[in-house]
Amino acid sequence: MERTNGHKTVWLQGDPVLPRLRSGDTTTITRLDRLFCSVPNLIIVGTGLRNRGIRLHAVEQNIDNNTLEGRDFSGMMSVFATLHHEFVLAATNDGLAAARARGNTQNHEL
């Protein structure tokens, strides 16, 4: 049972379950929003599940990463995860450069 809302980055009750899943396990959910609380969370956690060999089955959206369509969806999630990472990295480096220009930080690059 969730005790949070979609504005949090991680479901409170989801955290204890996800680390226990092993390769070959199946996570069946009614809808994607029952496990993932935001698009970035879907991308990051969903890609992590796929990379760990864990089957994800969302019943209402008919998404199953054991099917061709589901694997394609997982592939798109990987692309978006990479893009998200690049955006975060660029924004962080831009922030560090601005702080350095103001003399507020040491010279660190990510």
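**View 1. T27, a buried residue of strand β1.** T27 is buried, with a relative accessible area of 11%. Buried means under 20% relative accessible area, exposed over 50% and partly exposed in between, with a 1.4 Å probe and protein chains only. T27 lies in strand β1. Strands (E, at least two residues) and helices (H or I, at least four) are DSSP runs, numbered from the N terminus. Leaving out residues up to four places away in sequence, T27 touches L21, L35, I54, R55, L56 and H57. Contact here means heavy atoms within 4.5 Å. The model is predicted: local features need pLDDT of at least 70, side-chain atom pairs count only at pLDDT 80 or more, and totals for chains, interfaces and linings use all residues. Residues are numbered from 1 along each chain as its sequence is written, and side-chain values use heavy atoms, without hydrogens or water.

**View 2. The open sheet.** 3 strands make up an open, mixed sheet in the order β1-β2-β3. β1 (26–29) and β3 (63–64) are the edge strands; each has a single partner strand, so one side of each has no neighbour in the sheet. Two strands pair if DSSP finds at least two bridges between them. β1 and β2 (residues 55–58) run parallel and are joined by 4 bridges. T28 sits opposite H57 in β2. Strands of a sheet pair through backbone hydrogen bonds, either parallel or antiparallel.

**View 3. The loop between β2 and β3.** N62 belongs to this loop. Its phi is near 55°, a positive value in a residue other than glycine. Most residues other than glycine have a negative phi. N62 is exposed, with a relative accessible area of 64%.

View 4. Helix α2 (residues 39–51) has 13 residues. From first C-alpha to last, α2 reaches 18 Å, close to the 18 Å expected at 1.5 Å a residue. The expected span is 1.5 Å times one less than the number of residues. N41, L42, I43, V45, G46, T47 and L49 are the buried residues of α2. These buried residues pack against α3. Just after α2, G53 has a positive phi of about 80°.

**View 5. A nonpolar surface patch.** M76, F80, L83 and F87 make a nonpolar surface patch of about 420 Å². Patch residues have over 30% relative accessible area and no salt bridge; like charges are joined within 9 Å, nonpolar side chains (Val, Leu, Ile, Met, Phe, Trp, Tyr) within 5 Å. A salt bridge is a side-chain nitrogen of Lys or Arg within 4 Å of a carboxyl oxygen of Asp or Glu. Areas come from the Shrake-Rupley method with a 1.4 Å probe. F80 is in helix α3 (residues 68–101). F80 is partly exposed, with a relative accessible area of 45%.
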